[in-house]
Amino acid sequence: MLAFLSSLFINGLVTGSMFMLVALGVTLFYGVLRIINLAHGDVFMVGAYMAFYAGTYLHLPYWAVVIVTMMGCAVLYPILDLLVFRRLRGSELGPLITSVGLSMALESLVQGIFTANAQAVPSPYLNNLVNIGTVSVPLQSLLMIPLTLVVVAALYVFLRRTRTGLMVRAVAMEPRVSQLMGVRPEYVYGVVFVLAGLLVGLAAATMAPELYVTPTMGVELTVDAYIVVVIGGFGNVEGAIVAAFILGLINSFVSGLGLADWATTIALALLVGFMMVRPSGLVAERLGVRQ
Amino acid sequence: MNGSRRFLASFLPAAALCAVVALAALLFADAYLAQVAFLTGITVILVLGESFAVGNMGQLLMCQAGFYGIGAYVSALLEMHGMPPYLAPAVGITCGAVSGLVVGLAATRIRGHYLAIVTLAIGVIVEELLNNLQGITNGPIGLVGVPTFFGPLNAGNQADYIVVVWGAVIVVLGCLALLRESRFGWFLRAIRDSEAAAESIGLRIGTYQVATVTVAAAVAGLAGALYTNYAGLLVPDLFSYGLSAQILATAVLGGINSFGGAVVSSLVFNGVPQMAQVTAFYQYLIFGVVLIVMMQFAPRGLSQIGVYAVSLARRRLLGWGAGQPNAATVRRP
């Protein structure tokens, strides 16, 4: 029983890590640019295909696959911004609508290149089982947890301790006033897109070997990311981190009870409930508002 | 212009276009084209509801597919337990309206980005419920053997199907145009343009939002009931988030709050690709790319391009209105 519970717990942490990496990008977009990007999960999907291509066709070692995917997404996102979002700055619902189009375009482009068949991404760690007490977990899953911790620490240091991070927080808090202080918002927006790309690229490269890669895998993840962001509070980095693990654990334990089909419904009901009762999320602070 | 002329101005062009399309389908369609004409009619109804809500309320609804699904499943289930098919449209409208009322009441104080996310979530919940409530909906396998209006579509009854669906389109158009030009519609647009100003003259914003969501949902429910009675087969995949996204995209491409635009864009982006038997893959790709490009250069969609073309032609060909540039073509300073 204990083994079962702890395996559910570890599984929840792993899923939560993935949710967090994806949701951090979404919450940064909202916190800094005030946009809803419904194509974020599809960028994850493109990243997963990058990992698939790098691993299967280029035969790169796994660590190189991770780096290539992160770099690829970090380059892809600013380009997408330039093509898709740049002209719609300041519009409330424009970027949201456009991101729906972007999500359709990315899905069908990837389907055109790689077909709709599910693909597997190779990884040397997939079959390495590690024993923790009585539970054995694939090393691939376990890799996710320390990597995520490192990334979160790095993001935290970046936002709190560097000059650019200060600029990001300044624009999140007061775009106009920060402009008076000599911060170029477009530069900061670029930084946010690169950051979101790096985070989602890491998520894609580490999770892709465990999932089957399909062109439509992104939609579900977008929904999950928004559940996290709503529970954590829109634009709130700390809230997203907490909420991602909560959602991961809920998902894992609900599946453990044999209700896997209902996991999404429960999480979505949570989203709607939060929106009705506490739209500011668990932690009612936006990025940059707290010192 | 007074109210009734404004009503005719927004209703007649779109209705005439629908009548022409229906007539063309009646005269020239073979079995395949009749099917396309029917499905396009369903799309037009869905898009009209969305376009009305988004255009007048200024809020995005991302769960039209959910309301559509509720209308379809409830009328299918009732028919399988003996309800005659001709009651289905009323059932569809009622179910859609009730579910819209529930969603609207739940989201009374939610607006903007948040409302888009909440309705997206509700749409996905409906799809999940259709999949998971297996005792009622038969899960992913779906409902088979639902009664239809006139039996399977064939050369003998295709005209009936086309008349029913395009007749419904015109009725929906009339109702929405009436609503838009009524006091209700003007209040809605007042709220859209300035919530604070609207509140200061005593409008209850939440009530109007609930009413608009209810109307959009009722329209989608009607579409669901009509679809059921044509298809005879329902699976949850038909009512996915992807469909809501497509409905939103079509409404935006047509030009928000332009009925004519909604009809044209449904024809261009849904009807024509099906007619040309373009695979779903290319249809999706075209949709995505066109939506992105349109949002960059003509965010008010086909209707904006239409208005621009008309004013350009007038000036070039007839020398009219040279001194009064059209509002749609002028950038605010």
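In the predicted model, A:Ala51 makes contact with A:Val65, A:Thr69, A:Val121 and A:Ala205, when neighbours within four places in sequence are left aside. A:Ala51 belongs to helix H2 of chain A, which covers residues 40-57. The relative accessible area of A:Ala51 is 0%; because buried residues are those under 20%, A:Ala51 counts as buried.

For chain B, the secondary structure consists of 14 helices and 2 strands. The C-alpha trace of chain B spans about 65 × 50 × 40 Å along its principal axes. Chain B has a radius of gyration of 20 Å, which agrees with the value near 20 Å for a compact globule of 333 residues.

Of the 333 residues in chain B, 53% are buried. Among contacts in chain B with a separation of 6 or more, 80% are between residues 24 or more positions apart. The accessible surface of chain B amounts to about 14100 Å². Carbon and sulfur atoms account for 67% of this surface.

Chain B carries 15 positive and 11 negative charges. The mean position of the positive charges and that of the negative charges are 21 Å apart in chain B.

Definitions and conventions: Residues are numbered from 1 along each chain as its sequence is written. Chains are lettered from A and ligands numbered from 1 in the order in which they are written. This is a predicted model: local features need pLDDT of at least 70, side-chain atom pairs count only at pLDDT 80 or more; totals for chains, interfaces and linings use all residues. Side-chain values use heavy atoms; hydrogens and water are left out. Helices (H or I, at least four residues) and strands (E, at least two) are DSSP runs, numbered from the N terminus. The radius of gyration is taken over C-alpha atoms; the globule rule is 2.2 Å times the number of residues to the power 0.38. Buried means under 20% relative accessible area, exposed over 50%, partly exposed in between (1.4 Å probe, protein chains only). Contact means heavy atoms within 4.5 Å. Accessible areas come from the Shrake-Rupley method with a 1.4 Å probe; for residues, only the protein chains shown count as cover. Lys and Arg count as positive and Asp and Glu as negative; His and the chain ends are not counted. The place of a charge is taken as NZ of Lys, CZ of Arg, CG of Asp or CD of Glu.
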